[in-house]
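Dear colleague,

Please find below the structure I promised to pass on to you. My notes on it follow directly after.

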Amino acid sequence: MQGKREEMEDAYFMEKALEQAAIALSQNEFPVGCVIVCENRVIVTGAREGTAAGCTNEVDHAEIVALRRLETAAPALARGKMS
């Protein structure tokens, strides 16, 4: 069972993911966002890409976009500490 602090942290990070979803929506993309966290810090973010203007790209989900950014932004981070 999570404590109050963990619940607050989860809510904070969920809010960051929702901000990414809002960015996607503002660009006429399907509204999904993602954050990758390491040691209570947002390392990278991603928003859904490839659905605007009738494009049928089903590859660039928010999680995939974030993982691609992670590979270039923070390649040396310990993968086991991320969530």
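The model is a predicted one. The residues concerned are Ala62, Val65, Ala66 and Leu70. They lie on the same side of α2, because the arc they cover around the axis is only 140 degrees. An α-helix has 3.6 residues a turn, so residues three or four places apart point the same way.

The length of α2 is also in order. With twelve residues (62-73) at 1.5 Å a residue, the helix should span 16 Å, and this agrees with the 16 Å between its end C-alpha atoms.

Glutamine 20 belongs to helix α1 (residues 4-26). Its relative accessible area is 13%, and as this is under the 20% cut-off, the residue counts as buried. Leaving out residues up to four places away in sequence, glutamine 20 touches Val32, Gly33 and Cys34, as well as Thr45, Gly46 and Ala47.

Asparagine 28 sits in the loop that runs between α1 and β1. Is asparagine 28 buried or exposed? With a relative accessible area of 63%, asparagine 28 is exposed. Apart from neighbours within four places in sequence, asparagine 28 is in contact with Thr51 and Ala52. Between the C-alpha atoms of asparagine 28 and glycine 54 the separation is 9.8 Å, while along the chain these two are 26 residues apart.

With kind regards

Key:
Residues numbered from 1 in each chain as written. Predicted model: local features only at pLDDT ≥ 70, side-chain atom pairs only at ≥ 80, totals over all residues. Heavy atoms only, no water. Helix = DSSP H or I, 4+ residues; strand = E, 2+ residues; numbered from the N terminus. Expected span 1.5 Å × (residues − 1). Buried < 20%, exposed > 50% of the residue type's maximum accessible area, 1.4 Å probe, protein only. Arc of directions from axis to C-beta. Contact = heavy atoms within 4.5 Å.
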